[in-house]
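Have the viewer open as you read.

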Amino acid sequence: MSATLDREFWEERWSQALREHGDTIAKMPPNAHLTDAAGDLRPGRALDAGCGHGSDTLWLAARGWRVTAVDFAATALAHGRATAETVGGDVAARVDWVEGDLATWAPQPEHYDLVACLYVHVAGSVREMVRRMAAGVAPGGTLLLVGHRPVDPATGTATPAAGQVQVSVDEAVAALEPDGWEFVVAADRPRRQAGTGVDAVICARRSNTPPPTNAGQNP
Ligand SMILES: C[S@@+](CC[C@H](N)C(=O)[O-])C[C@H]1O[C@@H](n2cnc3c(N)ncnc32)[C@H](O)[C@@H]1O
């Protein structure tokens with residue numbers, strides 16, 4: 001991993017951001033790609049991988065989801081936990097805040113009705129990480145991956161994600177077994193909240209039935 005994007009970097013970044021803008025961060029709205037993807041889903045078990053300040057986690061928990069929120073920055077997790085308490089005890093009780101490194105952390109297989117991983121720098125292979133996250137999705141569940149593209153197509157200039165490895169549409173689609181997933185969205189979409197640039201958005205639903213193991217064989 002790049003030395004500038006490791007746990008120490010994020011701890012430092014969250015400490016500074018929360019010191020300077022903690023009140024604003026606590027009131028941040030959920031991500032629009034998430035509200036689009038999950039707004040109509042029936043609440044169940046969700047994983048927010050790389051949850052950061054926790055606005056997405058708290059939006060899900062407030063809608064009745066039981067959320068596992070994973071991040072390697074303890075400072076961000078502490079902020080998310082404290083914000084949850086101010087939102088309400090019922091919301092706070094629906095979240096498990098987990099300190100873990102997504103370079104290796106693996107979800108319980110087929111456990112979550114929703115796995116969301118938004119704007120997380122990938123330390124190793126994108127395909128491997130996509131498959132590891134996808135393995136946590138229960139049959140019929142939803143996988144939402146969002147990556148910040150490194151170049152703004154409107155201006156051709158580098159974005160704050162330049163130099164990072166984040167999920168792309170091509171890599172995510174290539175990582176997922178075509179028989180096992182229905183793609184709801186697999187496209188670069190405008191970054192509505194930021195007002196500039198594009199995000200790679202992959203929203204895929206896992207089949208309820210496992211893909212046939214004898215595909216292509218004669219009976
Ligand atoms: C750009 S923020 C995005 C936070 C949140 N998903 C959002 O959309 O607001 C990236 C988050 O991923 C976390 N992160 C980056 N690499 C990680 C890793 N290897 N393991 C766990 N968390 C990681 C950082 O600490 C940070 O909170």
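This is a predicted model: local features need pLDDT of at least 70, side-chain atom pairs count only at pLDDT 80 or more; totals for chains, interfaces and linings use all residues.

Residues are numbered from 1 along each chain as its sequence is written, and side-chain values use heavy atoms, with hydrogens and water left out.

The largest cavity has a volume of about 90 Å³. Its lining includes C117, Y119, V120, M129 and V167. By class, that lining has 11 nonpolar, no polar and no charged residues. Helix 6 (126-134) and strand 5 (137-148) each supply at least two of the lining residues, and helix 6 gives the most, with four.

Now for the open space. A pocket is an open set of grid points with protein on both sides within 12 Å along at least five of seven lines. The largest pocket has about 1200 Å³ of space. It is lined by 46 residues, and W10, W14, H53, L118 and Y119 are the closest to its centre. The lining divides into 25 nonpolar, 13 polar and eight charged residues. Helix 1 (7-26), helix 2 (32-38) and helix 3 (55-62) each put in at least two residues, with helix 1 giving the most at six.

So what sits in the largest pocket? The ligand does, by the test that more than half of a molecule's atoms lie within 2 Å of the grid points. Around the ligand are 17 residues, the closest being G50, D71, D101, L102 and L118; to be near, a residue needs a heavy atom within 4 Å. This shell has 10 nonpolar, four polar and three charged residues.

The table gives polar contacts, meaning pairs of N or O atoms within 3.5 Å.

| Residue atom | Ligand atom | Distance |
|---|---|---|
| D101, polar side-chain atom | nitrogen | 2.8 Å |
| L102, polar backbone atom | nitrogen | 2.7 Å |
| L118, polar backbone atom | nitrogen | 2.9 Å |

Taken alone, the ligand exposes 590 Å², and the protein buries 90% of that, with areas from the Shrake-Rupley method and a 1.4 Å probe.

Methods:
A polar contact is a pair of N or O atoms within 3.5 Å; within protein, one must be able to donate a hydrogen and the other to accept it, and residues adjacent in sequence count only if both atoms are side-chain atoms. On a 1 Å grid over the protein atoms alone, a cavity is a set of points where a 1.4 Å probe fits but cannot get out, and a pocket is an open set with protein on both sides within 12 Å along at least five of seven lines; lining residues have an atom within 4 Å of a point. Ala, Val, Leu, Ile, Met, Phe, Trp, Tyr, Cys and Pro count as nonpolar, Asp, Glu, Lys and Arg as charged, and the others, Gly among them, as polar. Grid points are joined across faces, edges and corners, and a volume is the space filled by probe spheres set on the points.
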